[in-house]
Amino acid sequence: MTGDHYFTAEPSAPARPHEVEFHVAGRDYALTSASGVFSATRLDLGTAVLLRKADLPTAGTGGHLLDIGSGFGPISCVLADLAPTATVWAVDVNERARALTAANAARIDAADRVRAVAPDEVPAEVTFAQLWSNPPIHIGKPELHALLRRWLPRLAPDGVGWLVVARHLGGDSLHRWLLDEGFPVTRHASQKGYRVLRVTR
C-alpha cells in the first residue's frame, strides 16, 4: 500500500497500464489508463453519466473547452473528438494523469488540440466556452470550493459548465452552495445516484 491518491502530484506507485474501452455518442473509444490516477481500470460511473446526460459539444463548437481533473483523459478525448475545431485544456495536478491524457489525445489524432497541463499552466487570459468536470470530491469541501471559485468565473459570458456529483457525496448540497455563490445552476439530469449540474455565468 502507498499513500498515493489520484490527486497526488507525483504518484510513487508503479504505473501498471490498463486499457479502458467505452462508448459515447455513437463512438467507441479505447484509451490507456494506469495505476495512480483516478478510476485507473474503468470509466468511472459518474463520468459515464456526465457524458451520457450532459449536452455534448458538436462539430460546430469552437473556442476553448476545459476539463478539470482530467485523469487519463476520457472527457478531454471525447470533447476533442466531437469538437474538432476546439482547443481542450485538460487540467490535472497529477503528472501521470497529464502524460496519459496527452498520449490518449495522440491516439485519437487530437494531440495538437488537447493541452494536458497543471492548473497554473493555463494562461490567465483564456476563457472557456464550456467547462466539464467530475470534480475531486475527496479533496474536501474547502479545497473543492476553492477549485470551483477558481475556474467557474473563467466561463465566457455565454459559456456553460457541466458538473457531475454523486448524491450521497453531496451533489445536492453542492447545488445549494453554487446558488449561494451566485452561480446560476440547474439540475440537468439524475441517473444512478448522480446529479448532473448545468452552471452558467
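1. The structure is a predicted model. Please read every value in the points that follow as computed from that model.

2. Salt bridges overall. The count comes to six salt bridges, taking a side-chain nitrogen of Lys or Arg within 4 Å of a carboxyl oxygen of Asp or Glu as the criterion. Side chains of opposite charge can pair when their charged atoms come close.

3. Asp-81 and Arg-27. In this salt bridge the closest N and O atoms are 3.2 Å apart. Asp-81 belongs to helix α2 (residues 74-82) and Arg-27 to strand β2 (residues 27-34), so the bridge ties together parts that are 54 residues apart in sequence. Asp-81 is partly exposed, at a relative accessible area of 24%. Arg-27 is also partly exposed, and its relative accessible area is 36%.

4. Asp-120 and Arg-150. A salt bridge joins these two side chains, with an N to O distance of 2.8 Å. Distant parts of the chain are linked here: Asp-120 sits in the loop between β5 (114-117) and β6 (128-133), while Arg-150 is in helix α4 (residues 141-151), 30 residues apart. Is Asp-120 buried or exposed? With a relative accessibility of 68%, Asp-120 counts as exposed, because the cut-off for that class is over 50%. Arg-150 is partly exposed, with 37% relative accessible area.

5. Asp-172 and Arg-195. The closest N and O atoms of this salt bridge are 2.8 Å apart. Asp-172 is in helix α5 (residues 171-180) and Arg-195 in strand β9 (residues 194-200), so that the pair links distant parts of the chain, 23 residues apart. Asp-172 is partly exposed, with a relative accessible area of 22%, whereas Arg-195 is buried at 13%. Through salt bridges that share partners, Asp-172, Arg-187 and Arg-195 are joined into one network.

6. Thr-61. This residue is placed in the loop between α1 (45-53) and β3 (64-68). Thr-61 counts as buried, at 15% relative accessibility, because the limit for buried is under 20%. With neighbours within four places in sequence left aside, Thr-61 is in contact with Ala-83, Thr-85, Ala-86 and Gln-130.

7. Trp-177. Helix α5 contains Trp-177, and Asp-172 of point 5 is in that helix as well. Trp-177 counts as buried, with a relative accessibility of 12%. Which residues does Trp-177 touch, not counting those up to four places away in sequence? They are His-145, Leu-148 and Arg-149. From Trp-177 to Ile-137 the C-alpha to C-alpha distance is 14 Å, and the two are 40 residues apart in sequence.

Notes:
Residues are numbered from 1 along each chain as its sequence is written. This is a predicted model: local features need pLDDT of at least 70, side-chain atom pairs count only at pLDDT 80 or more; totals for chains, interfaces and linings use all residues. Side-chain values use heavy atoms; hydrogens and water are left out. Helices (H or I, at least four residues) and strands (E, at least two) are DSSP runs, numbered from the N terminus. Buried means under 20% relative accessible area, exposed over 50%, partly exposed in between (1.4 Å probe, protein chains only). Contact means heavy atoms within 4.5 Å.
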